[in-house]
Amino acid sequence: MPGMVLFGRRWGIASDDFVFPGFFELFLRMLWWVGILTLYLMYRGKLDCTGGALLSSYLIVLLVLLAVIIGTVLAIVCVSMKGTICNPGPRKSMSKLLYLRLALFLPEMVWASLGASWIAHGVQCDKAVVNGIIATVIVRTQTWCPVTLQQASPFSISSRTVSGITGSLRRGTAIPQGRPNCRSRMADYDLVGGDQLNCHFGSILQTTGLQYGDFVHISFHDKVYELPFLVALDHRKESVVVAVRGTMSLQDILTDLSAESETLDLECEVQDCSAHKGISQAARYVYRRLINDGILSQAFSLAPEYRLVIVGHSLGAGAAALLSIMLRKSHPHVRCYAFSPPRGLLSKSLYEYSKDFTVSLVLGKDVIPRLSVTTLEDLKKRILRVIAHCNKPKYKILLYGCWYELFGGDPDNFPTELDGGNHGDLTQPLLGEQSLLTHGSPSYSFSSDSPLESPSKYPPLYPPGRIIHLEEKGTSGRFSCYTAQYTAKWSHESEFNTILIGPKMLTDHMPDILMRALDSVVANRAACMLCPTHGGAHVDMV
């Protein structure tokens, strides 16, 4: 696991990282060797031409040189497969093998140059032989000069794009099928920010099914601590809806990363009013716009009997939860629906206070509702403990992980920890080769000052409101034919105090997948309500 020391410096690659690259090079070298051997055997009787003896010697030496390189790479792969992540002792010969492999580049380069020179100076032999020699020179040149992969340009997302709300809010979904209504026309709503062609707004219209006249205010303005939002009238639910957009730009990411807590000045009887700094600043920005610019007053002047509903997804869900707390005094009947909100949002007292008017929705193993500074520290400690007590080589763990990612399965079938290992022994892991070779070193002595045992210096923060958890029935991989089915249940925040590693920890956060899962649960509930229950059993549905 520690970086290898070569040429007097430590590199960012470990001695067990050569398995897959080595197999790839072996595959190419073997194809190359077999091709040259086939060429030699087929045309060795036709090398009685001018310069033929020279070409025959060239091919023989090339075959021997390739065989030596193949043997060296095979040894590198075999040695790299030995030991475990934290036990590089069986791989101590790796540096010598790498020096040998690098040294073999010199004769390979010289021999390829000689072959190119001989071909250029008029060897008059069969064209197939000459072309084969040229091909070997070209292939070897590509081996010396690895192609530098072009860095993928960061995907461009308009900093003012919003996908809108569905029912409550959808953010980050693909552009709806069909042509959005991109028209330049006079609107009856306030529009702040870009969207000169009304393309963003066209997407909102098509996604939500609302009409032009239902929108009171739309803001695409996007800066650090300043989120896009919209205010619309939902006549079917008789609600004034405030929808806050989630993370869609670099500015939003910077808002997310301001994860320390700060004390809020709220007009509520709560002692510890602290929250995520970046999200609380974003909520204050939306609050000032709604109140100081008279946006809410305008909305309720159009529909005075409607109630206030605030929705958001991800970053927008956190801002919506804090915004509902800020507006609670002036709008006692406010309701907040937070889709996939971050865990590190509210203090314990604010979390309890928000239960009366906030409902959060979490899908499966979504990482964001489990993400906070304290849970990240916990994840780091858990990873270091698992690495220290792992009894599997790295390549097997990666293969198991790829299988689990693609086809699903039970992760308990892939044990990676030593039986009976003392997980409290590790204090300063991965500092160097020697500290990992033996558990008797001072680095493994137990100490109360261990960074893995010390309490977090950050106060714990909690997700907003009551939590509905959509749990998947069974397991499925990315390419599994299994169609995910979900059940909904009320959950306590303590069920989300640990980050779960799995193939769907990121995809479960996507708004389109969340809405499909929610639609599936609602459809199943409707089907169950139409089905007669046997024996008068009571079905508890959420």
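This is a short tour of a predicted model, stop by stop.

Residues are numbered from 1 along each chain as its sequence is written, and side-chain values use heavy atoms, without hydrogens and water. Local features need pLDDT of at least 70 and side-chain atom pairs pLDDT 80 or more, while totals for chains, interfaces and linings use all residues.

**Whole chain.** Show the cartoon. There are 15 helices and 13 strands (DSSP runs, numbered from the N terminus: helices are H or I, at least four residues; strands are E, at least two).

**Main core.** Select Val-231, Val-240, Leu-290, Leu-308 and Leu-322. In the largest nonpolar core, of 43 residues, these touch the most other members. Such a core is a set of buried Ala, Val, Leu, Ile, Met, Phe, Trp, Tyr and Cys residues joined through side-chain atoms within 4.5 Å. Buried means under 20% relative accessible area, exposed over 50%, partly exposed in between (1.4 Å probe, protein chains only). Helix α10 gives the largest share, 8 residues.

**Second core.** Now pick Tyr-40, Ile-70, Val-77 and Trp-111. They are among the 16 residues of a separate core.

**Asp-17 and Lys-394.** Their side chains form a salt bridge at 2.6 Å, N to O (a side-chain nitrogen of Lys or Arg within 4 Å of a carboxyl oxygen of Asp or Glu). Asp-17 sits in the loop between β2 and α1 and Lys-394 in helix α13, so the pair ties together parts 377 residues apart in sequence. Asp-17 is partly exposed at 27%; Lys-394 is buried at 16%.

**Lys-348 and Glu-493.** This salt bridge spans 3.8 Å, N to O. Glu-493 is buried at 5%.
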